[in-house]
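This report looks at some local backbone features and at one part of the surface. The sequence and the model come first, and the remarks follow.

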Amino acid sequence: MVIKNNLSGYRTRRPVSIFVALGLCCCFYLLGTWQKSGFGKGDSIALEITKHTDCNVFTNLNFETHHNDVEITEPPKQKIQVFEPCDVKYTDYTPCQEQDRAMMFPRENMIYRERHCPPDDEKLRCLVPAPKGYKTPFPWPKSRDYAHYANVPYKHLTVEKAVQNWVQFNGDVFKFPGGGTMFPQGADAYIDELASVIPIADGSVRTALDTGCGVASWGAYLLKRNVLAMSFAPRDNHEAQVQFALERGVPAVIGVLGSIRLPYPSRAFDMAQCSRCLIPWAANEGTYLMEVDRVLRPGGYWILSGPPINWKTYYQTWKRPKEELQAEQRKIEELAEQLCWEKKYEKGDLAIWRKKVNDRSCQRKDAPICQTKDADDVWYEKMESCVTPFPKVASSKEVAGGELKKFPARLNAVPPRIAKGSVPGVTADLYDEDNKIWRKHVSSYKRLNRLIGSTRYRNVMDMNAGLGGFAAALESPKLWVMNVVPNIAKNSLGVIYERGLIGSYHDWCEGFSTYPRTYDLIHASGLFSLYKGKCKFEDILLEMDRILRPEGAILLRDEVDTMNEVRKIAIGMRWDIKLVDHEDGPLVPEKILVGVKQYWVGSSGNSTVAESEGNPKGARDQGASWVSW
């Protein structure tokens, strides 16, 4: 009933509302018509204002704020710097071992043969050219015995060392018969004699040091016995001996025993040798022998072949008095006793000592003991005439510093330095996890570049090696890895050697101690973040280009902003490059820069010759093979 009454009232009011609305609309329409006709005052006022207004356009208006004293300018668009080729005279340029700079330093203690790097304003910022006719090196193991003459065009050693079977020249190739000054019958026979005393065959000996290596035939022939030798020799009148070694696919660096410590950690090598290296071991209060002792592992072996051993037979050939040679050998024997070495063998031209496993039975007579807290802090540090102390042991049978497993078990076993907590922040669990991560990374790399792990990439470098996980994941007789630990990174090189790998300390703001075109593959993880603000990225990249062979490959891993910065520089360097996502997907901020150095060679007039312009047949035997991006 209530609802019906309400509906009735609504029907009554509805016509009234309609009439009111229509009335208002008509009223407003008539008012608008009246104003438009000119009788309304609003439009006439507006018309008068328009007539008296100056409508000139002002061109000098400044809409910038005036409360800021700093001038704000838009940054210019960044241009890509294109790096030009260096003059052909720099084909074999070694920044820190150049002859002209070396001659400015004293010859005493071989100081002039040590590293002397150019200041920033004298650095070459150009691309070091390959020699005309450059060819891809022979694959391993053929490269052990042969090298292209065009790649290392120096015949000096073929004449000077002809009777010692170092190297021979046949047609357009060099042949390496495997001889040496103290093993003219071949390195194999020499190593067989060593193996009669030293347990080379069972994996006990894995890392070796060759001081004054020549063309590194000792290291070359140790490789088939699963021993990795770090060979070094100075850049001197024996032109290109280290360059020959690396061209053969044998680990080697430019170096010398002078006044600076060797760039290796303490207890690094299982075996060290001097084969007529002419290092004055008895001089300077035994400093050089003490430095070898620092890098020799407890229980390791030192081999000396050549002067003064067997002086009774050779004193006339060496043109030295018998008394002088006898005194020199006596001094070496006394130093060996101070160092806690025991002579194990002397026959003919060869003598072998073994370093004791600890100092419990050492008969040291007033031997000066080094007081330094860290025997691994060696970068540009002066050598001292003192004995590096053994790590402490709890029993006479314990190996100082920790016992190592035989290789290859040693490769992935927890290294003693980590087990003993000597590497801050690194535990056994973290070490195992690091190995898993690098196995995953390397598997991803092999999908990006199918030649990784083949004989195409023989000489490999890891510029920021960490714990050596990259090299361990790559381990193969087909290749070897130079594990570089930057001097500003966590000191982990001792761990790398305990794994049975080799490497060196280095500062990447400077040139590496090698010749141009000596590495097939260069890897770096986190390197540019490490050096941000320390030196120019372009200097690091130019050094990479110098030591990378034509058509060699690069693998760089870092956070995305850093990789973009690196990429902008690399575009101007004759590299074919690509920035790709982390193997776990695009959301991971770490990215990977992969690339291949283009093939080009120097020619007269500071110009270059590219592949399309008719390089010699066989110059590009095995180019890189990449999957589709």
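A residue is called buried when its relative accessible area is under 20%, exposed when that value is over 50%, and partly exposed in between. The model discussed here is predicted.

By this cut-off Ala216 is buried, because its relative accessible area is 0%. Ala216 is not a glycine, yet its phi is positive, at about 65 degrees, and the residue lies in the loop between β4 (207–211) and α6 (217–222). A positive phi, near 60 degrees, also occurs at Arg574, again a residue other than glycine. Arg574 is found in the loop that runs between α17 (560–570) and β16 (575–581), and it counts as partly exposed because its relative accessibility is 24%.

| Cis peptide bond | Omega |
|---|---|
| Trp140 to Pro141 | about 10 degrees |
| Pro307 to Pro308 | near 5 degrees |

As for their setting, Pro141 lies in the loop between α3 and β1 (146–148), while Pro308 lies in the loop between β8 (296–305) and α9 (311–318).

Which residues form a nonpolar patch on the surface? The patch is made up of Ile80, Val82 and Ile571, which together have about 260 Å² of accessible area. Of these residues, Val82 is found in the loop between α2 (41–51) and α3 (99–102), and Val82 counts as exposed because its relative accessibility is 56%.

Note on methods: Residues numbered from 1 in each chain as written. Predicted model: local features only at pLDDT ≥ 70, side-chain atom pairs only at ≥ 80, totals over all residues. Heavy atoms only, no water. Patch = residues over 30% accessible without salt bridge, like charges linked within 9 Å, V, L, I, M, F, W, Y side chains within 5 Å. Areas by Shrake-Rupley, 256 points an atom, 1.4 Å probe, with all protein chains shown as cover. Salt bridge = Lys/Arg side-chain N within 4 Å of Asp/Glu carboxyl O. Helix = DSSP H or I, 4+ residues; strand = E, 2+ residues; numbered from the N terminus. Buried < 20%, exposed > 50% of the residue type's maximum accessible area, 1.4 Å probe, protein only.
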